[in-house]
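Student: I have not looked at this model before, and I would like to go through it with you step by step. Could we take a few residues one at a time and then turn to the chain as a whole?

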Amino acid sequence: GVIPALDLSRANLRGANLTDANLRGANLMAANLTDANLTDANLLGANLRGANLTDANLRGANLRGANLTDANLQAADLMAADLTDAKTEGALDLTL
């Protein structure tokens, strides 16, 4: 059967270790991911609208088709992250 998308909207995941996590299609809208480790995480199609990713480690993360609209990416590490087709309108401090 179809597995429903994980709903972590508004969750406090500050400093969480989510290395290699499968968060495909997850709802992380307005989640606090400050200092979170998302190295090599699968965030394909995830909703990160308005999420706080300050100082987050997103090295090698799959963000294809993810919604990063209005997300805060101050000092986030996006080295080798895949942002193909990601929505980035209004994202704060997105530097590629």
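Student: Let us begin with N72: is this residue buried or exposed?

Tutor: The model is a predicted one, so what follows describes computed values. A residue counts as buried when its relative accessible area is under 20%. N72 has a relative accessibility of 17%, and therefore N72 counts as buried.

Student: Which residues does N72 touch, not counting residues up to four places away in sequence?

Tutor: Leaving out those sequence neighbours, the list for N72 includes T54, and the side chains of N72 and T54 are also joined by a polar contact of 3.4 Å.

Student: How far apart in space are N72 and T34, C-alpha to C-alpha?

Tutor: In sequence, N72 and T34 are 38 residues apart. In space, the C-alpha to C-alpha distance between N72 and T34 is 9.3 Å.

Student: Where does A31 stand, buried or exposed?

Tutor: A31 touches L8, R10, A11, A51 and N52 when residues up to four places away in sequence are not counted. A31 and L13, which are 18 residues apart in sequence, have C-alpha atoms 7.1 Å apart in space. The relative accessibility of A31 is 1%, so A31 counts as buried.

Student: What is the distance in space between G65 and D85, C-alpha to C-alpha?

Tutor: G65 counts as partly exposed because its relative accessibility is 29%. Apart from residues up to four places away in sequence, G65 touches G45, T84, D85 and A86. G65 and D85 are 20 residues apart in sequence, and their C-alpha to C-alpha distance is 4.7 Å.

Student: What is the phi of D20, and of A30?

Tutor: D20 counts as exposed, because its relative accessibility is 53%, whereas A30, at 30%, counts as partly exposed. D20 is a residue other than glycine, yet its phi is positive, near 60°. A30 is not a glycine either, and its phi is also positive, at about 60°.

Student: What radius of gyration does the chain have?

Tutor: Along the principal axes, the C-alpha atoms of the chain fill a box of roughly 40 × 25 × 20 Å. For 96 residues, a compact globule would have a radius of gyration near 12 Å, and the chain agrees with this, because its own value is 12 Å.

Student: How far apart are the mean positions of the positive and negative charges of the chain?

Tutor: The chain exposes about 5100 Å², of which carbon and sulfur atoms supply 46%. The chain has 7 positive and 11 negative charges, and the distance between their mean positions is 5 Å.

Conventions:
Residues are numbered from 1 along each chain as its sequence is written. This is a predicted model: local features need pLDDT of at least 70, side-chain atom pairs count only at pLDDT 80 or more; totals for chains, interfaces and linings use all residues. Side-chain values use heavy atoms; hydrogens and water are left out. Buried means under 20% relative accessible area, exposed over 50%, partly exposed in between (1.4 Å probe, protein chains only). The radius of gyration is taken over C-alpha atoms; the globule rule is 2.2 Å times the number of residues to the power 0.38. Accessible areas come from the Shrake-Rupley method with a 1.4 Å probe; for residues, only the protein chains shown count as cover. Lys and Arg count as positive and Asp and Glu as negative; His and the chain ends are not counted. The place of a charge is taken as NZ of Lys, CZ of Arg, CG of Asp or CD of Glu. Contact means heavy atoms within 4.5 Å. A polar contact is a pair of N or O atoms within 3.5 Å; within protein, one must be able to donate a hydrogen and the other to accept it, and residues adjacent in sequence count only if both atoms are side-chain atoms.
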